[in-house]
Amino acid sequence: DHLLEPPHAFEGRFPARFQEQAPRIVETEEGHQVWVLEDTPYFQVGFMAVAGRAPEDRRVGPARFEEVRRGCRSIKDRIRDMDINGVWASLNFPSGVTGFGGTLFSETQDPELGLACVRAWNDWLFEEWYGSYPERIVPLGITYLRDPVKGAEEIRRNAKRGFKAVTMPEQPHRLGYPAVFDPYWEPIVRACAETGTVLSLHVGSAGFPAMPKGAPMLELGATMFQAEAFTSCAQWLWSGWPARYPELKITMSEAGIAWVGGMIDRLDNIMARSGYGSGWPDKQHGPSEVLRRNFWFTMIDDPSTICTRHTIGVENILAESDYPHGDGTWPDTQEVMARLLAGVPDEEARMITHKNAAQLYR
């Protein structure tokens with residue numbers, strides 16, 4: 001799921017020297033409410049926060065907080081919406097002032113201000129969003145990308161107080177950072193592996209590749225989500241990090257499962273027949289084995305490919321509702337899952353709907 005930070009999220013959470021520079025809400029001449037950081041407006045308030053809105057009103061995002069369902073930004077109301085939906089516990093990605101995947105704070109003109117923003121956001125998430133209902137929220141943090149050593153320190157700080165996950169852009173090279181193959185990322189990877197922090201990668205958090213001229217951007221981009229997941233997962237697998245850190249846990253969020261069986265088939269093919277996989281670093285465990293050991297895959301509604309669950313590994317599949325985005329199944333997630341899992345043995349259904357996630361996020 002996703003959240004929107006309320007206007008008060010950063011109040012009282014910055015060092016005194018940065019308090020006046022904290023992200024804040026301002027109103028535009030058109031009456032829109034937007035976040036401003038370092039005098040730059042970010043038109044993300046309400047972006048894709050469409051839960052509860054009529055289908056014909058979903059194309060254009062709301063422009064003010066009062067136009068957004070309260071469960072998007074108020075934890076008390078979020079718990080109520082989870083109850084309506086039959087969801088006991090939820091992991092929430094940022095999609096407001098942080099940038100998708102928690103990237104904007106690593107791009108500030110003042111690096112120290114950016115790090116203070118990361119810490120303040122994590123403090124708000126821990127104290128208000130998670131702290132109010134610790135049995136119902138799985139705490140996911142953001143980290144500092146500009147300096148992976150400091151980013152790793154933040155992951156360790158959060159892990160000590162109970163954070164279970166962290167997110168970052170799934171293809172960081174698209175945002176100007178080194179690719180996942182670069183040693184640059186080792187401090188963050190190692191911190192996740194050593195603390196049991198699940199590296200939760202959300203498809204689209206690094207943007208999308210350049211679209212052909214004249215392409216319908218929203219329609220084509222949305223259609224390509226699973227293709228992007230395939231690309232991102234392949235890059236992380238062949239980066240060698242999962243082979244070097246067997247305890248590293250990675251989730252591919254909002255990615256579906258339709259592509260995973262095909263990736264496993266391809267990996268087995270190139271290792272057994274073509275010779276194309278000769279650079280694989282782990283001589284005891286093949287890439288498809290490491291994929292099943294280190295990766296988890298989330299699905300909102302994959303009715304035609306639930307039959308591939310045993311190829312993927314039933315233990316590697318997690319349920320997703322994607323509240324409050326356009327793909328989301330709220331308030332009908334129970335009905336969607338019942339239809340999706342019809343004919344699936346009860347114990348496998350329990351694994352997919354909650355037991356796998358409970359074990360993964362401890």
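**Strands, helices and a pocket**

Mentor: Strand S2 (residues 24-27) and strand S3 (residues 33-37) form an antiparallel pair that is held over four bridges. Helices (H or I, at least four residues) and strands (E, at least two) are DSSP runs, numbered from the N terminus, and two strands pair if DSSP finds at least two bridges between them. This is a predicted model, in which local features need pLDDT of at least 70 and side-chain atom pairs count only at pLDDT 80 or more, while totals for chains, interfaces and linings use all residues. Residues are numbered from 1 along each chain as its sequence is written, and side-chain values use heavy atoms, with hydrogens and water left out.

Trainee: In what order do the strands of the open sheet with S2 and S3 come?

Mentor: The order is S2-S3-S4, three strands with antiparallel pairing, and the edge strands, each pairing on one side only, are S2 and strand S4 (40-42). From one strand to the next the twist averages 45 degrees, where axes are lines fitted to C-alpha atoms, for helices over the stretch in contact, and angles run from 0 to 180 degrees between N-to-C directions. Three bridges link S3 with S4 in the antiparallel sense, and here Trp35 stands opposite Tyr42.

Trainee: How many strands form the open sheet that has parallel pairing?

Mentor: Six strands do, in the order S8-S9-S10-S11-S12-S13. Strand S8 (140-142) and S13 stand at the edges with a single partner strand each, so one side of each is left without a neighbour in the sheet. The twist in this sheet averages 30 degrees from one strand to the next. S8 runs parallel to strand S9 (residues 165-167), joined by three bridges, and Ile142 stands opposite Thr167 in S9.

Trainee: What describes two packed helices?

Mentor: Two packed helices are described by the angle between their axes and the distance between the axes. In this model, the axes of helix H6 (residues 225-238) and helix H9 (residues 287-294) cross at roughly 105 degrees and come within 11 Å. H6 and H9 are therefore roughly perpendicular to each other, a label given to angles of 65 to 115 degrees, while those under 35 count as roughly parallel, those over 145 as roughly antiparallel and the rest as oblique. Cys233, Leu237 and Trp238 in H6 meet Pro287, Val290 and Leu291 in H9, where contact means heavy atoms within 4.5 Å.

Trainee: At what angle do H8 and H9 pack?

Mentor: Helix H8 (residues 260-274) packs with H9 at an angle of about 145 degrees, and their axes are 8 Å apart. Among the residues that make this contact are Met263 and Leu267 of H8 and Leu291 and Arg292 of H9.

Trainee: Which helix gives the most to the lining of the second largest pocket?

Mentor: H12 gives the most to the lining of the second largest pocket, with six residues.
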